[in-house]
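Hi everyone, thanks for coming. Let me put the structure up on the screen, and then we can walk through it together.

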Amino acid sequence: MRGLQLAGSTVLLTGASGGLGRAIARALHARGARVLLNGRNTEVLEETAAELGERAEVLALDLAEPGAALTLAERAGSVDALVANAGLPASGSVEDFTHEQIDRAIDVNLRVPIQLTRALLPGMIERGHGHLLYVSSLSGKVASIRSCIYSATKFGLRGFASGVREDLHGTGVGVTVVFPSFIADVGMYAETGVKLPRGVSLISAEQAAAAVIRGIEQGRGEIDVAPLSLRAGVLVSSVAPKTTARLQRRLGSDRIAAEMADAQRHKR
Ligand SMILES: NC(=O)c1ccc[n+]([C@@H]2O[C@H](COP(=O)([O-])OP(=O)(O)OC[C@H]3O[C@@H](n4cnc5c(N)ncnc54)[C@H](OP(=O)(O)O)[C@@H]3O)[C@@H](O)[C@H]2O)c1
């Protein structure tokens with residue numbers, strides 16, 4: 001898979017008002033891309049655009065609204081790369097969610113990236129170049145307690161991207177999925193203030209943003225951005241899922257997940 005040169009390209013970034021999104025916006029812009037910033041919080045989006053200066057535009061839109069993906073793609077126009085980063089934490093047990101909250105999580109985390117892909121892809125194929133990048137999570141590889149809806153959407157992104165990558169073989173359009181672990185400084189985990197078990201280290205938003213850049217420019221298929229211990233956990237889980245689940249329980253995953261779901265309830 002060929003990579004895409006970011007200098008001089010136009011990138012549509014969703015979730016640009018969030019913790020990781022702002023770091024991705026800065027990294028894309030620093031590589032010379034023109035960035036189209038999507039989110040709902042116009043104030044933060046405008047502030048980010050002003051910080052970046054030239055080559056940054058705000059396209060504010062609520063992606064949970066019906067037809068929003070198509071509207072956003074039309075407003076964006078000709079786009080060389082999509083970075084589908086918008087996401088809801090969707091933490092908690094399934095019976096804790098209303099039906100509307102479940103729909104919203106699936107819409108923002110999974111349906112919109114698929115619909116944006118459908119809308120932007122014909123132009124990329126016609127031009128013979130382009131890149132699709134999806135921000136999943138380590139929870140898109142290993143599920144844990146009180147993350148079933150989040151994991152369903154994040155596993156879904158991986159499945160979708162893997163299939164699309166095969167469909168696009170030889171077209172000049174690349175597909176990357178980035179799988180970050182917990183981010184320390186900003187974003188949906190940091191905002192909760194919940195402490196992880198001792199020994200579980202965190203990554204920075206800049207590390208995750210750097211993986212986005214690598215994914216696009218080097219045409220990488222999948223990139224895990226996580227400390228060694230968690231990457232090893234993913235590997236072990238693929239062959240011994242019960243053992244990793246037992247270990248997670250022993251490390252207090254139940255209490256941590258309950259605290260996290262409480263702290264993230266307002267984002268459902
Ligand atoms: N933080 C972590 O530890 C972590 C770890 C692994 C993966 N991730 C993934 O990284 C991505 C970014 O997460 P983050 O930590 O930066 O979270 P965040 O700070 O909560 O930001 C979420 C972003 O998604 C946007 N969004 C949510 N609902 C939307 C809607 N209905 N319409 C339009 N935009 C919407 C938000 O926009 P507004 O605020 O403007 O509404 C915001 O820009 C997510 O996909 C997340 O799953 C995060």
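Let's begin with a question: leaving aside its neighbours within four places in sequence, which residues is Thr10 in contact with? Contact here means heavy atoms within 4.5 Å. Thr10 touches Arg34, Leu36, Ser78, Val79, Asp80 and Ala81, once neighbours within four places in sequence are set aside.

Before I go on, a word on what we are looking at. This is a predicted model, where local features need pLDDT of at least 70, side-chain atom pairs count only at pLDDT 80 or more, and totals for chains, interfaces and linings use all residues. Residues are numbered from 1 along each chain as its sequence is written, and side-chain values use heavy atoms, with hydrogens and water left out.

Back to Thr10. You will find Thr10 in strand E1, residues 10-13. Helices (H or I, at least four residues) and strands (E, at least two) are DSSP runs, numbered from the N terminus. Thr10 counts as buried because its relative accessibility is 9%. Buried means under 20% relative accessible area, exposed means over 50%, and partly exposed is in between, with a 1.4 Å probe and protein chains only. The side chain of Thr10 also makes a polar contact with the side chain of Arg34, at 3.0 Å. A polar contact is a pair of N or O atoms within 3.5 Å; within protein, one must be able to donate a hydrogen and the other to accept it, and residues adjacent in sequence count only if both atoms are side-chain atoms.

Now to another threonine, Thr176, in strand E6. Is Thr176 buried or exposed? Thr176 is buried, because its relative accessible area is 0%. The side chain of Thr176 has two backbone oxygens to look at: that of Gly215 at 3.2 Å, and that of Arg220 at 2.6 Å from a polar side-chain atom. Beyond four places in sequence, the contacts of Thr176 include Met1, His131, Tyr134 and Arg165.

Helix H5 covers residues 148-167, so that is 20 residues by the DSSP runs. From its first C-alpha to its last, H5 reaches 28 Å, close to the 28 Å expected at 1.5 Å a residue. The expected span is 1.5 Å times one less than the number of residues.

Strand E7 holds Val225, which counts as buried because its relative accessibility is 8%. Not counting residues up to four places away in sequence, Val225 touches residues including Val178, Phe179, Ile203 and Ala211.

Next, the ligand. Which of the 31 residues around the ligand come nearest? They are Ser17, Arg40, Asn41, Tyr150 and Lys267. Helix H1 (19-30) and H5 each supply at least two residues of the shell. An oxygen atom of the ligand is 2.6 Å from an N or O atom in the side chain of Arg40, and a nitrogen atom of the ligand is 2.8 Å from an N or O atom in the side chain of Asp62. Taken alone the ligand exposes 890 Å², and the protein buries 94% of that. Those areas come from the Shrake-Rupley method with a 1.4 Å probe; for residues, only the protein chains shown count as cover.

To finish, have a look at two loops. In the loop between E4 and H4 sits Ala90, which has a positive phi of about 40 degrees although it is not a glycine. Ala90 counts as buried because its relative accessibility is 3%. Ser91 is found in that loop, between strand E4 (81-84) and H4, and Ser91 is buried, with a relative accessible area of 8%. One of the contacts of Ser91 beyond four places in sequence is Arg146. Arg146 is in the loop between E5 and H5 and has a positive phi of about 55 degrees, although it is not a glycine. At 28% relative accessibility, Arg146 counts as partly exposed.

Key. Near = heavy atom within 4 Å.
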